[in-house]
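Dear colleague,

I am passing on the structure we spoke about, and my notes on it follow directly below.

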Amino acid sequence: MSAETLPYTVHPHPITGVYSGKLGTWLFLASEVMLFGALFSSYVLLRVSAAHWPGHDETHLSVPIGTFNTLVLIVSSVTMVMAWASLKMNEFAKARWYLAATVVLALVFLLVKLFFEYMPKWEHGHRPGFSSFFALYYTLTGLHALHIIGGIIVITYFLLPGSALWKKDPEYYTNRIECTGLYWHFVDLVWIFLFPVLYLM
Amino acid sequence: MAGSHADVRKHVRTYLMVFGALAVGTALTVAASYVHISTGWNNAIALVIASVKASLVAAIFMHLKWERGVSIWWTLLICAAFFLVLIFLPVLTTFDLPRQAQHGMWG
């Protein structure tokens with residue numbers, strides 16, 4: 001790291017009341033709410049103006065697969081928060097295992113999505129151009145999947161090269177993991193709404 | 001904020017309880033979707049359960065329950081206000097507003 005270090009990475013900023021990384025992450029998440037919000041807004045607009053909206057007997061989205069992936073993401077949120085809790089308790093080795101588990105679960109989610117959902121749907125002709133529903137389905141779940149990929153990249157960074165920071169400044173590292181967690185839980189939170197909206201409603 | 005080791009140890013128990021609640025919530029959502037009442041009620045039930053689950057994630061996993069930073073609460077408040085506008089704006093398109101202005105709501 002350079003000689004000039006960022007201020008307020010560990011201690012709360014006197015004006016904002018939190019360390020700056022945390023406020024930055026929350027501002028970013030607020031912009032993410034607007035991004036997904038615009039798409040949910042499009043969903044509402046298309047649905048209320050549609051003469052007919054397909055139920056899950058027509059879309060053939062698999063509720064068991066969707067439920068499985070929901071649980072995978074919930075467990076990954078638990079492992080993510082446990083990684084932070086382990087760092088707080090000075091158990092670095094444990095934290096790394098939890099981070100690794102989070103990455104594995106994220107990959108499971110993506111592979112299930114790709115091989116058991118996108119590919120069979122695509123082959124059956126249920127592509128984005130098939131209906132308003134499938135246009136929304138691919139846009140919403142696709143954007144969400146991009147966020148999963150982003151999370152995998154960030155967590156892998158902190159698991160491998162980024163973990164050198166633990167030896168130099170453990171509190172700073174712990175805070176960066178907390179911010180990563182905030183993002184990861186947000187991705188889980190979006191899915192908590194996507195699952196019922198697309199699979200069950 | 002979570003300071004001492006003992007605090008965090010207590011939190012870990014909470015995290016596991018929340019995990020249980022989220023798993024039960026997921027099972028409830030799926031089960032409720034198989035009991036057909038009416039589209040409106042089914043959708044309302046699904047959204048209420050999802051909101052409860054999301055609140056648990058935000059409060060416990062995202063540490064908002066212990067958050068004392070005012071800047072974060074202001075960010076969230078403004079964000080929530082704009083989000084509600086985004087979601088309810090398209091619902092307004094189902095009302096024929098110019099017509100209603102002329103003839104009244106039921107005219």
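A:Val112 counts as partly exposed because it has 16 C-beta neighbours inside 10 Å (buried means 20 or more other C-beta atoms within 10 Å of a residue's own, exposed 12 or fewer, and partly exposed in between, with C-beta atoms placed from the backbone). Please bear in mind that this is a predicted model, in which local features need pLDDT of at least 70 and side-chain atom pairs count only at pLDDT 80 or more, while totals for chains, interfaces and linings use all residues. Residues are numbered from 1 along each chain as its sequence is written, and chains are lettered from A and ligands numbered from 1 in the order in which they are written.

A:Val112 sits in helix 4 (residues 92-123) of chain A, helices being DSSP runs of H or I with at least four residues, numbered from the N terminus. Beyond its neighbours within four places in sequence, A:Val112 is in contact with A:Ile65, A:Phe68 and A:Asn69, where contact requires C-beta atoms, placed from the backbone, to lie within 7 Å. Between A:Val112 and A:Gly142, 30 residues apart along the chain, the C-alpha separation is 13 Å.

Turning to chain B, its domain assignment gives domain 1 (1-68) and domain 2 (69-107), the bounds coming from an automatic or database domain assignment. The centres of domain 1 of chain B and domain 2 of chain B, taken over C-alpha atoms, are separated by 26 Å.

Technical notes:
Helices (H or I, at least four residues) and strands (E, at least two) are DSSP runs, numbered from the N terminus. Two residues are in contact if their C-beta atoms, placed from the backbone, lie within 7 Å.
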